[in-house]
Amino acid sequence: MRTPFFAVAVAVLLAPSALAATMVTAKNFQFDPSQFTVAPGEVVTVQGSGDGHTLTAVQKGADGKPLFDTGTIQPAASGTFTAPTTPGQYKFYCQFHAAPDSTSGMIGTLTVQAATTGTTSKTPAPGAALVVGAVALLALAGRRAR
Ligand SMILES: [Cu+2]
């Protein structure tokens with residue numbers, strides 16, 4: 001009884017990592033990853049490194065400002081931006097190390113996709129509920145065995 005219960009307890013401890021939000025790193029004058037998919041309206045964290053960077057949408061909104069923009073991210077700091085709520089592909093660039101029409105360098109593409117896969121979803125994965133249920137069953141079984 002001991003070993004399986006321990007294994008499930010470890011699974012519970014590891015489960016929250018699956019809920020982590022999308023994280024992008026800006027380093028060596030590249031975005032990593034430079035192409036990624038998020039849910040509509042998801043908040044994306046961009047970790048800076050080595051130099052000041054921005055992650056700025058090429059496309060501008062009705063107000064004339066980029067659709068999304070982290071603003072300047074200092075080295076070793078991080079910034080965030082909120083993805084558009086309309087599904088589609090959005091090119092972005094770093095204002096310091098690329099231009100809106102750059103075809104290489106510090107550029108990338110954000111894909112906004114209505115959540116179908118669990119990888120970028122912010123809602124708890126169904127697996128978490130299953131694990132909690134399994135723990136409850138094991139605890140019950142352990143009690144009955146005595
Ligand atoms: Cu940059």
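Two strands pair if DSSP finds at least two bridges between them. Helices (H or I, at least four residues) and strands (E, at least two) are DSSP runs, numbered from the N terminus. The legends below use both terms.

**Figure 1. An open sheet of 4 strands in the order 3-8-7-5.** The pairing in this sheet is mixed. Its edges are strand 3 (35–38) and strand 5, each of which pairs on one side only. The model shown is predicted: local features need pLDDT of at least 70, side-chain atom pairs count only at pLDDT 80 or more, and totals for chains, interfaces and linings use all residues. Residues are numbered from 1 along each chain as its sequence is written.

**Figure 2. Strand 7 between its two partners, strand 5 and strand 8.** Strand 5 (residues 56–57) pairs with strand 7 in the antiparallel sense over 2 bridges. The pairing of strand 7 with strand 8 is antiparallel as well, over 6 bridges. Phe92 takes part on both sides: Ala57 has Phe92 of strand 7 as its bridge partner, and Phe92 stands opposite Gly108 in strand 8.

**Figure 3. A second open sheet of 4 strands, in the order 2-1-4-6.** Here too the pairing is mixed. Strand 2 (30–32) and strand 6 (78–82) stand at the edges with a single partner strand each, so one side of each has no neighbour in the sheet. Neighbouring strands of this sheet are turned by 25 degrees against each other on average, direction ignored. For such angles, axes are lines fitted to C-alpha atoms, for helices over the stretch in contact, and angles run from 0 to 180 degrees between N-to-C directions. Strand 1 and strand 4 run parallel and are joined by 4 bridges. Thr25 has Gln47 in strand 4 as its bridge partner.

**Figure 4. The largest nonpolar core, with 20 residues.** A nonpolar core is a set of buried Ala, Val, Leu, Ile, Met, Phe, Trp, Tyr and Cys residues joined through C-beta atoms within 7 Å. A residue is buried if 20 or more other C-beta atoms lie within 10 Å of its own, exposed if 12 or fewer, and partly exposed in between, with C-beta atoms placed from the backbone. Ala26 and Leu55 have the most contacts inside the core. At least two core residues come from each of strand 1 (23–27), strand 4 (43–48), strand 7 (88–93) and strand 8 (107–112). In soluble globular proteins, nonpolar side chains tend to be buried together.

**Figure 5. Ala26 and the residues it touches.** Two residues are in contact if their C-beta atoms, placed from the backbone, lie within 7 Å. Not counting residues up to four places away in sequence, Ala26 touches Phe31, Val46, Gln47, Gly48, Ser49, His53, Leu55, Ile73 and Cys94.

**Figure 6. Two loop residues, Gly52 and Leu67.** Gly52 lies in the loop between strand 4 and strand 5. This residue counts as partly exposed because it has 15 C-beta neighbours inside 10 Å. Gly52 and Thr72 are 20 residues apart along the chain, and their C-alpha atoms are separated by 6.3 Å. Contacts of Gly52 beyond four places in sequence include Thr72, Ile73 and Phe96. Leu67 belongs to the loop between strand 5 and strand 6. Leu67 is buried because 20 other C-beta atoms lie within 10 Å. Its contacts beyond four places in sequence include Ala57, Pro84 and Tyr90.

Figure 7. A cis peptide bond joins Asp32 and Pro33, with omega about -5 degrees. Asn28 is exposed because it has 11 C-beta neighbours inside 10 Å; Ala76 is exposed with 9. Most residues other than glycine have a negative phi, and most peptide bonds are trans.

**Figure 8. Residues 8–19, where pLDDT stays under 50.** The term pLDDT is the predictor's confidence in each residue, from 0 to 100. For residues 8–19 the model has 11 contacts beyond four places in sequence. The mean pLDDT of the protein chain is 81, and 64% of its residues reach 70 or more.
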